[in-house]
Amino acid sequence: DEVREATEFLYNKTIPRFAAELYQKKAPLEDIRLTESLHSSGINCRHLGRVRKALHEQFADCEDLSKLLMTEMVARLLSGLLRQLLRIEMKNNTVASQEPYKTVVIDFLNAIFHDPNANEVEPKSVLTKDQLSFRLAPSQARTISQGSAGSFL
């Protein structure tokens with residue numbers, strides 16, 4: 001019974017209040033620390049869709065914030081799918097090499113960014129192995145350690 005009450009409070013009070021606060025901040029989108037803001041308000045990132053719905057229910061002119069939330073949701077989805085593919089590759093691979101993992105990442109990104117409407121007999125790759133590096137810039141490493149890895153995909 002307590003769990004049900006807590007869930008109803010989250011859905012009916014906390015999330016709508018967070019959506020209103022997010023809208024009323026009027027901060028530039030690049031300054032919004034979405035994951036940190038959600039967590040400090042007691043909202044798990046799995047509720048991003050509910051936040052987006054609450055935003056639309058309360059405000060008609062929320063397209064930029066709505067796109068930000070959708071981008072975060074898609075990034076998290078794609079990041080999870082890529083991690084799953086890399087785990088599968090890790091189980092199937094016994095060679096200590098980055099090459100199989102580069103291939104997984106390249107195939108994944110090419111599948112996402114390939115234009116299905118292009119009239120190509122052989123689809124062109126958006127990315128090749130030579131263009132892929134697993135090295136992170138110091139700023140990217142800091143961002144990952146601060147919990148914003150989803151924004152890298």
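This is a predicted model: local features need pLDDT of at least 70, side-chain atom pairs count only at pLDDT 80 or more; totals for chains, interfaces and linings use all residues.
## Helix H5 and its cover

Contact here means heavy atoms within 4.5 Å.

H5 runs over residues 99-113, which makes 15 residues. From its first C-alpha to its last it reaches 21 Å, close to the 21 Å expected at 1.5 Å a residue. Its buried residues are Pro 100, Tyr 101, Lys 102, Val 104, Val 105, Ile 106, Phe 108, Leu 109 and Asn 110. And what covers them? Helix H4 (63-92) is included in that cover.

## Ser 66 in helix H4

Staying with H4, take a look at Ser 66, which lies in this helix. Ser 66 has a relative accessible area of 1%, so it counts as buried, the cut-off being under 20%.

Setting aside neighbours within four places in sequence, Ser 66 is in contact with Arg 52, Leu 55 and His 56. With His 56 there's also a polar contact between the side chains, at 2.7 Å.

Tyr 23 sits in helix H1 (residues 2-25) and Phe 59 in the loop between helix H3 (48-58) and H4, so the pair ties together parts 36 residues apart in sequence. Both Tyr 23 and Phe 59 are buried.

Technical notes: Residues are numbered from 1 along each chain as its sequence is written. Side-chain values use heavy atoms; hydrogens and water are left out. Helices (H or I, at least four residues) and strands (E, at least two) are DSSP runs, numbered from the N terminus. The expected span of a helix is 1.5 Å times one less than its number of residues. Buried means under 20% relative accessible area, exposed over 50%, partly exposed in between (1.4 Å probe, protein chains only). A polar contact is a pair of N or O atoms within 3.5 Å; within protein, one must be able to donate a hydrogen and the other to accept it, and residues adjacent in sequence count only if both atoms are side-chain atoms.
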